[in-house]
Amino acid sequence: MSTNTQLAEKYRNNFLKEVEEQVEMGDWVKMCMQCGVCSGSCPLNFQSAWDHPPQELFMMIRAGKREEVLTSSSMWNCTSCYNCTVRCPRKLPITLIMHGIAEYAHRLGLAPKMQATRFFSGLFWNNCTTTGRVNELKLSMGLYFKDGFVQGVKNGLVMKNVALGLMKARRLNPFELFGGHKCKDQKGIHAMLKKARDIENTRKVAKVAA
Ligand code: SF4
Ligand code: SF4
């Protein structure tokens with residue numbers, strides 16, 4: 001049985017409890033009094049890509065709209081500007097709750113696969129943890145070719161003047177594509193990340209089983 005099915009069964013009809021117990025900072029959601037200050041302060045509200053601002057997401061959690069919340073792209077669109085957090089009269093750590101819900105959706109395999117911010121987070125993480133240093137060229141290429149080869153070439157052509165300018169200013173080295181700079185102790189970085197991942201996985205498994 002998948003972790004998602006297991007948890008959906010466990011918390012049947014009580015999505016709020018699931019969020020409180022499984023989502024980082026999720027136990028704050030019940031404190032929301034639906035004043036709407038967060039949504040009114042959010043620079044992304046009223047944008048077409050922004051399905052549900054924080055206030056609405058919190059209301060949906062209480063209403064048990066599990067699938068709608070966890071498959072939403074809203075949490076992924078959050079820019080972490082912290083406007084909502086500093087203005088919430090109940091002092092909810094809204095930005096962190098948004099990140100917590102996004103991480104939970106990702107963990108359950110429900111997050112929208114090709115949502116741009118989610119895609120970029122994965123790309124950035126894999127890029128910087130491979131060698132311990134970010135390879136900007138590979139990172140940009142990965143983003144340009146996200147929607148296939150043809151689109152990648154088109155994106156590259158649109159950005160060619162910027163790339164040439166960066167090369168002239170010696171801020172971009174095309175040979176970085178074949179390796180690039182690395183940190184001195186790559187093995188040490190990998191060992192540290194593995195240890196952190198093991199600790200986190202053990203904590204998550206214990207939470208699911210509890
Ligand atoms: S500002 Fe705080 S209390 Fe008001 S709706 Fe947003 S989260 Fe809820
Ligand atoms: S931190 Fe995220 S949810 Fe909060 S106001 Fe900024 S963009 Fe909106």
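Which residue follows α8, and what is its phi? The residue is Gly 109, and its phi is positive, near 75°. The model is a predicted one, and every value below is computed from it.

**The helix α8**

Helix α8 has 14 residues, and the distance from its first C-alpha to its last is 20 Å, close to the 20 Å expected at 1.5 Å a residue. Its buried residues are Ile 94, Thr 95, Ile 97, Met 98, Gly 100, Ile 101, Ala 102, Tyr 104 and Ala 105. An α-helix has 3.6 residues a turn, so residues three or four places apart point the same way. The cover over the buried residues of α8 includes α2 (15-22), α3 (37-41), α4 (54-62), α5 (66-70), α6 (74-77) and α7.

**The chain as a whole**

The secondary structure consists of 13 helices and zero strands, and the chain is divided into domain 1, residues 11-111, and domain 2, residues 116-198. The C-alpha centres of these two domains lie 30 Å apart, while the C-alpha trace of the chain spans about 55 × 40 × 35 Å along its principal axes. Of the 210 residues in the chain, 20% are buried. Among the contacts with a separation of 6 or more, 60% are between residues 24 or more positions apart.

**The ligand shells**

Each ligand has its own shell of residues, and the two are described in turn. Around ligand 1 there are 15 residues, of which Cys 32, Cys 35, Cys 38, Gln 55 and Cys 88 come nearest. The elements that contribute two or more residues to this shell are α3 and α4, and the largest share, three residues, comes from α4.

Around ligand 2 there are likewise 15 residues, with Cys 42, Cys 78, Cys 81, Asn 83 and Cys 84 coming nearest. Here the elements that give two or more residues are α7 (83-87) and α8 (94-107), and α8 gives the most, with three residues. The helix described at the outset, with its nine listed positions from Ile 94 to Ala 105 buried, is therefore also a part of this shell by the DSSP assignment of helices.

The table sets out the composition of the shells by residue class.

| Shell | Nonpolar | Polar | Charged |
|---|---|---|---|
| Ligand 1 | 11 residues | three residues | one residue |

Notes
Residues numbered from 1 in each chain as written. Chains lettered and ligands numbered in written order. Predicted model: local features only at pLDDT ≥ 70, side-chain atom pairs only at ≥ 80, totals over all residues. Domains from an automatic or database assignment. Near = placed C-beta within 6 Å. Helix = DSSP H or I, 4+ residues; strand = E, 2+ residues; numbered from the N terminus. Buried ≥ 20, exposed ≤ 12 C-beta atoms within 10 Å, placed from the backbone. Contact = placed C-beta atoms within 7 Å. Expected span 1.5 Å × (residues − 1). Nonpolar A, V, L, I, M, F, W, Y, C, P; charged D, E, K, R; others polar.
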